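Here's a quick briefing to read with the structure open beside you. Take a look at the fold first, then we'll go through it by topic.

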Amino acid sequence: MSNPLTLNLPQGSLQFTFSAEAALALKAALGELMTTLKAAAAQGGEPTRRVPQPPMEYRHTGEVFLEVFCNPNIWPSPFAAKALVTLRDDRIRVTTEAELSQIYDDVMAYLETV
């Protein structure tokens, strides 16, 4: 049984059915990205002068398709970083930008309830 996950956005929220297993995978991907961004921030300097890192692309297909994409090379820290979120099914598609730290917090709150 899946519970709804709510992603809080700057201009509203998205709520959709999501499994605990998928949330754990998303948490791991976000955690790895945040660790990479923290390490890069600790090195200092301009984001364009750092060693390039691969982008984070999380995809989940279930009742809906969820994609979270973030390019760590353009953000100075995990707290400034934003991710592109796409949520779609056969009838609707929503693509928006959200703060990486907010997405992580939303996933953590979801996992506390399941």
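Is Ala 41 buried, partly exposed or exposed? Keep in mind that this is a predicted model. Ala 41 comes out as partly exposed, because its relative accessibility is 33% and the partly exposed class runs between the 20% limit for buried and the 50% limit for exposed.

**Around Ala 41**
- You'll find Ala 41 in helix 1, the stretch covering residues 20-43.
- Setting aside neighbours within four places in sequence, Ala 41 touches Arg 50, Pro 76 and Ser 77.
- Ser 101 sits 60 residues from Ala 41 along the chain, and the C-alpha atoms of the two are 15 Å apart.

**Fold and overall shape**
- The protein chain has 2 helices and 6 strands.
- Reading from the N terminus, the order is β-β-α-β-β-β-β-α.
- Along its principal axes, the C-alpha trace covers about 45 × 30 × 25 Å.
- Take the contacts between residues at least 6 apart in sequence: 47% of them link residues at least 24 apart.

**The nonpolar core**
- In soluble globular proteins, nonpolar side chains tend to be buried together.
- Here, the largest nonpolar core holds 31 residues.
- Phe 16, Phe 18, Leu 26, Tyr 58, Leu 66, Val 68 and Ile 103 have the most contacts inside this core.
- At least two core residues come from each of strand 1 (3-9), strand 2 (12-18), helix 1 (20-43), strand 3 (56-61), strand 4 (65-70), strand 5 (82-88) and helix 2 (100-113).
- Helix 1 is the top contributor, giving 8 residues to the core.
- Which residues does Ile 103 contact, leaving aside its neighbours within four places in sequence? They are Leu 7, Leu 30, Val 68, Ala 83, Val 85 and Ala 98.

- Of the 114 residues in the protein chain, 39% count as buried.
- The chain exposes about 6,800 Å², and carbon and sulfur atoms supply 50% of that area.

Notes. Residues are numbered from 1 along each chain as its sequence is written. This is a predicted model: local features need pLDDT of at least 70, side-chain atom pairs count only at pLDDT 80 or more; totals for chains, interfaces and linings use all residues. Side-chain values use heavy atoms; hydrogens and water are left out. Helices (H or I, at least four residues) and strands (E, at least two) are DSSP runs, numbered from the N terminus. Buried means under 20% relative accessible area, exposed over 50%, partly exposed in between (1.4 Å probe, protein chains only). Contact means heavy atoms within 4.5 Å. Accessible areas come from the Shrake-Rupley method with a 1.4 Å probe; for residues, only the protein chains shown count as cover. A nonpolar core is a set of buried Ala, Val, Leu, Ile, Met, Phe, Trp, Tyr and Cys residues joined through side-chain atoms within 4.5 Å.
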